[in-house]
Amino acid sequence: MCPSTPAAPPDPPRDRRWSRRAESLTPFLAMEVLERAAELERDGLDVAHLEVGEPEFAPPAAASRAIVEALARDDTNYTDSRGLWELRAAIAGDLDRRFGASVDPERVLVTQGTSSAMTLVFACLVDPGDEVILPTPHYPCYPNFVRFCGGEPVFVETDAETGWHIDPERVREAITPRTKAIVVGSPANPTGAVQPRAVMEALAGLGPTLVSDEIYDGLVYGGVRTASALTVSPDAFVLDGFSKRYAMTGFRLGWVVAPQAAMRRLQILQQNLFISASSFVQHAGIAALAEGGEMSAALLEACSDRRRLLVDGLRDLGFGIEHEPEGAFYVLADARAFWDDSRALAFEILEQAHVGCTPGIDFGEAAEGRLRFCYALARETIETALERMAPVLAARRASRGTRERGA
Ligand SMILES: Cc1ncc(COP(=O)(O)O)c(C=O)c1O
């Protein structure tokens, strides 16, 4: 049942034709699993997708309608590089509603997803040789954005025993004269940790610029509360977008809120690198903020139900879950009962069980030996995944036991 060589794609070989910058980036393994799964699907197999952070829910109907209407009136031109004023004002209004934060729309810049917001922010902040502190396990792309700008990621570990909460003292110890920024994601991918307000305040007080990824804001369970960096530091850069709480991943729409002093630099970067976010998609953003509240609340309720289903189901299969996620929509489960090599295990599960999950190593060494599963899904998808994984994992566990007894 368990082949010795699982089908994990090899890393690309070194090749002097390509820039060192391009070669410094590592693959985004969640996408590698998704792309291999698509090949299996082209061969006619059915794959349960728990690997990628993508809600299996429809976006707000008003958002889709707004795109159709914008296209019908040929609203397809470039916009102001900073985004449509109406959308920037709507985002500022939303921040006021969510956090009571009074933000001038001039400080909002609309981007093609939070990923492009990160490109702009790291390009704005990081010079070659600068260090950026990343609490880990971390979103896979953070260190790659830092390296892309010639910077050096500095990892500060968090652990399951303390609920993956950041210890500001450990962050303080990692600060050097070269430290330019501290990145925090809360609610976090992949751990589901929500950083308490006291942690956010302590991080903001350490000196380096705080870059706060708040893309999972609002997706919290059991009465846990989020604290936006906007309410603890006037100098923070806050990244956010429509992908998660409005299930609008493919729309590619996000934003950054930045200190006023940085806006002109960000604007010039945006003009050159991307020109503007797509015009008709920006109308979907305006509609989502105006009319997407009900859809977003239904998504939260569904995620709360699926979190229970997945946590219990994974525990029954033999995964370790020391700390249940407080937010976002992932479980980062300890898989060492099956295999220490998370990449090999994830690809074995994909090939044999036709279930996509993300290797822990994608999120840094601190998450090796774990697998990340998304639960923003239909109940049937999670039930199918659990059912399909059971025999593959049982065989893997048995073969591990045999090897250990033989050793
Ligand atoms: C923490 C975090 N930040 C940013 C992104 C990218 O989001 P977007 O689709 O807005 O580019 C993701 C996507 O999974 C994420 O998990």
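1. Let's begin inside the protein: the largest cavity holds about 40 Å³ of space. A cavity here is a set of points, on a 1 Å grid over the protein atoms alone, where a 1.4 Å probe fits but cannot get out. Its volume is the space filled by probe spheres set on the points, which are joined across faces, edges and corners. By this rule there is one cavity of 30 Å³ or more.

2. Before going on, please keep in mind that this is a predicted model, where local features need pLDDT of at least 70, side-chain atom pairs count only at pLDDT 80 or more, and totals for chains, interfaces and linings use all residues. Residues are numbered from 1 along each chain as its sequence is written, and side-chain values use heavy atoms, with hydrogens and water left out.

3. Which residues line the largest cavity? They are Trp-164, Thr-191, Ile-321, Glu-322, His-323, Pro-325, Val-331, Leu-332 and Arg-370, where lining means having an atom within 4 Å of a point. This lining divides into five nonpolar, two polar and two charged residues (nonpolar: Ala, Val, Leu, Ile, Met, Phe, Trp, Tyr, Cys and Pro; charged: Asp, Glu, Lys and Arg; polar: the others, Gly among them).

4. You will find Trp-164 in the loop between strand E4 (152–157) and helix H7 (168–174). Helices (H or I, at least four residues) and strands (E, at least two) are DSSP runs numbered from the N terminus.

5. Now to the ligand, which has 13 residues around it; Ser-115, Asp-213, Tyr-216, Ser-243 and Lys-244 come nearest. A residue belongs here if one of its heavy atoms lies within 4 Å. Helix H5 (residues 113–125) gives the largest share of this shell, four residues. By type, the shell has five nonpolar, five polar and three charged residues.

6. What lies 2.6 Å from a nitrogen atom of the ligand? That is a polar side-chain atom of Asp-213. The protein covers 92% of the 400 Å² of accessible area that the ligand has on its own (Shrake-Rupley method, 1.4 Å probe).

7. One joins Thr-136 and Pro-137, with omega about 5°, and Pro-137 sits in the loop between strand E3 (131–136) and helix H6 (141–148). Another runs from Asn-189 to Pro-190, with omega near 15°; Pro-190 is in the loop between strand E5 (179–185) and helix H8 (197–204).

Technical notes:
Polar contact = N/O pair within 3.5 Å; in protein donor to acceptor, adjacent residues only side chain to side chain. 1 Å grid on protein atoms, 1.4 Å probe; cavity = no way out; pocket = protein on both sides within 12 Å on 5 of 7 lines; lining within 4 Å.
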